Amino acid sequence: MTTTTEILLLMLGASGILIMLTIFGDLVRARRPAGAPNPVLETYTTRVQSWWAMVILMTLALLTGMFGVSMLFGFVSFAALREFLTLTAKSKADHRSLVLAFFVVLPLQYLFVGMGWIGLFTVFIPVYAFLLLPIVSALRGDTSRFLVRVAETQWGLMVSVFCLSHVPALMVLELPGDGARRVLVIAFLVIVVQLGDLLDFFFGRRIGKRKIAAGISPKTWEGMAAGVLSATAIGGFLYWLTPFGVLGAMGMAAVASTTGMFGSIVLAAIKKDRGVRDWSHLIPGQGGFVDQLDSVIFAAPVFFHLARLIWT
Amino acid sequence: MTWMTRNLRTFAAPIVGHGIRLFARFTTAVRADWKGIEPVVKQRVYYSNHTSNADMPMIWSVLPGAIRRQTRPVAAADYWLKTPLRAFAGRDVFRAVLIDRRRDVERDDPMALILAALDEGSSLIIFPEGNRNMTEDPLLPFRSGLYNIAKARPDVDLVPTWIANLNTVMPKGEIIPLPLICTVTFGQPVHLKDDEPMGDFLTRAADALVAQRPEVRK
């Protein structure tokens, strides 16, 4: 089976699940009295809709390989950084360093990923951008809340650009097996993390009792356990996408899903602090790009480095 | 030749308009928040805070097509007629009501131009502060223009329209805009009350505008 066939099979499988989820939502809606809006059902429906868009975009990106995946995540990083830096502290003195963040640091990070320069893209933002951008800001002379401003900008870059770029970076790893199949590891990561989230949401509503971080996020221990277990099982079913073997795939899925769920709580805490409900309005009904990808953001670097440590 | 230029301008204006709107959407993902009114075609005067030269194109970009085609910004002639390119944008793309700000020369009465545009049925975008606000205060004191419009055409809805974030996107003196998310919030219309003095009305209108500012804790 060629990689293209496998990607198309995945797309078919995902479409099958989405068709079922769409029909399920419509059935639940039909059984409810008309004119009584149900927020849980509406959230569910919009989630499924944005999933359709994600599946189509991901499939197209995976089919075009490194270039497509890098371009897709480059644009997603741009949208995520825009959402993040809209809410952070900044002053006129930061204009140049923020311009550098958007138009120099972000494209360079994805260029380094695309070129496969692991030694550079794993340190470029945590070291070079970390040191350079505060210099540019300091030279403009405004010291009011200086540390807050540079720290929040750095957090924006780490979350939106550095972490997210580790998704396309998975293709750079010299994992065992056919090089062309490495693109499938990306599909594996995104599928297990996002399905784990969906099932956490589903079970949390049904059996969730004890809040993990009351006042920040509706996530419950019960929902999260069910979500991580489901992600682990799904990872086992999808082991053939990876060179990890069945047990390895299950372990990687469990780690990625757990990290992702805690990451989503961290990003929810930032939203709470800034007094906003969503990062933006750009994905209809769903919020922003950071809302949709919060768990992938946290899972990707951990997944990348574990895979690198164990399988290369 | 004039005939050809005129046709070329008529042809190019909507294309440039689309370009401006696409650019605004791509860089700032600008969003309209219709808090106090519905986005319907109705004669209105949108009055807005003014921090950047991009304010007017930004409001213009978020208006839905039918409303946009009916809406004309009120803008300074000295700025919009400075170069042929700006004159094309001001006259043909935005169809601005151009006001001569010089006080020492003989000029068309600004109020007469504004009222004529209203009487044609156009909605207007105006910046009652008169100048760009470079201070830390949310608004500069309003000039009398808004009061004069409210007095002369009391039936027209005056809609407070707050543009958030644009001064961070492009502070004065910078060349490259930052792609941050901007929102344009439309509040509930204000009208002049019977016998309301100018000062009271302008304060009330300014308060109604500041009330539209989205709250983000920093």
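These legends describe several close-up views of a predicted model.

Residues are numbered from 1 along each chain as its sequence is written, while chains are lettered from A and ligands numbered from 1 in the order in which they are written. Because the model is predicted, local features need pLDDT of at least 70 and side-chain atom pairs count only at pLDDT 80 or more, whereas totals for chains, interfaces and linings use all residues.

**View 1. The contact between chain A and chain B.** Chain A brings 19 residues to the contact and chain B brings 15 residues; two residues are in contact if their C-beta atoms, placed from the backbone, lie within 7 Å. On the side of chain A that touches chain B, α3 (65-87), α4 (95-115) and α10 (245-274) each supply at least two residues. The largest share of that side, 5 residues, is from α3(A). Helices (H or I, at least four residues) and strands (E, at least two) are DSSP runs, numbered from the N terminus. Sorted by class, the side of chain A that touches chain B holds 8 nonpolar, 5 polar and 6 charged residues. Here Ala, Val, Leu, Ile, Met, Phe, Trp, Tyr, Cys and Pro count as nonpolar, Asp, Glu, Lys and Arg as charged, and the others, Gly among them, as polar.

**View 2. Chain B as a whole.** Chain B contains 9 helices and 7 strands. Its radius of gyration is 17 Å, close to the 17 Å that the globule rule gives for 218 residues, so chain B is as compact as a globular protein of that length. This radius is taken over C-alpha atoms, and the globule rule is 2.2 Å times the number of residues to the power 0.38. A box of roughly 55 × 45 × 35 Å, taken along the principal axes, is filled by the C-alpha atoms of chain B. Of the 218 residues in chain B, 38% are buried. A residue is buried if 20 or more other C-beta atoms lie within 10 Å of its own, exposed if 12 or fewer, and partly exposed in between, with C-beta atoms placed from the backbone. Among contacts in chain B between residues at least 6 apart in sequence, 71% link residues at least 24 apart.

**View 3. The sheet of chain B.** The 7 strands make an open sheet with mixed pairing, in the order β1-β7-β6-β2-β5-β3-β4 (chain B). Two strands pair if DSSP finds at least two bridges between them. At the edges stand β1 (31-34) and β4 (97-99) of chain B, each with a single partner strand, so one side of each has no neighbour in the sheet. On average, neighbouring strands of this sheet are turned by 25 degrees against each other, direction ignored. The parallel strands β3 (residues 71-76) and β4 of chain B are joined by 3 bridges, and B:A76 has B:I99 in β4(B) as its bridge partner.

**View 4. Strand β6 of chain B and its surroundings.** In β6(B), 7 of its 8 residues are buried. With β2(B) this strand runs parallel, joined by 5 bridges, and B:Y47 stands opposite B:P160 in β6(B). With β7(B) it runs antiparallel, joined by 4 bridges; B:I163 has B:V184 in β7(B) as its bridge partner. Helix α2 (residues 55-62) of chain B lies across β1, β2 (44-48), β3, β5 (123-126), β6 (157-164) and β7 (183-186) of chain B, at about 110 degrees to β6(B). Axes are lines fitted to C-alpha atoms, for helices over the stretch in contact, and angles run from 0 to 180 degrees between N-to-C directions. In the loop between β6 and α8 (166-169) of chain B is B:N165, a residue other than glycine with a positive phi near 85 degrees. B:N165 counts as partly exposed, with 19 C-beta neighbours inside 10 Å.

**View 5. The nonpolar core around A:I186.** The largest nonpolar core has 139 residues, and A:I186 and A:L189 have the most contacts inside it. Such a core is a set of buried Ala, Val, Leu, Ile, Met, Phe, Trp, Tyr and Cys residues joined through C-beta atoms within 7 Å. Helix α8 (residues 183-207) of chain A gives the most to this core, with 13 residues. Leaving aside neighbours within four places in sequence, A:I186 is in contact with A:L62, A:V69, A:V167, A:L170 and A:M171.

**View 6. A loop residue of chain A.** A:R145 lies in the loop between α6 (124-138) and α7 (146-169) of chain A. Its phi is positive, about 50 degrees, although A:R145 is not a glycine.
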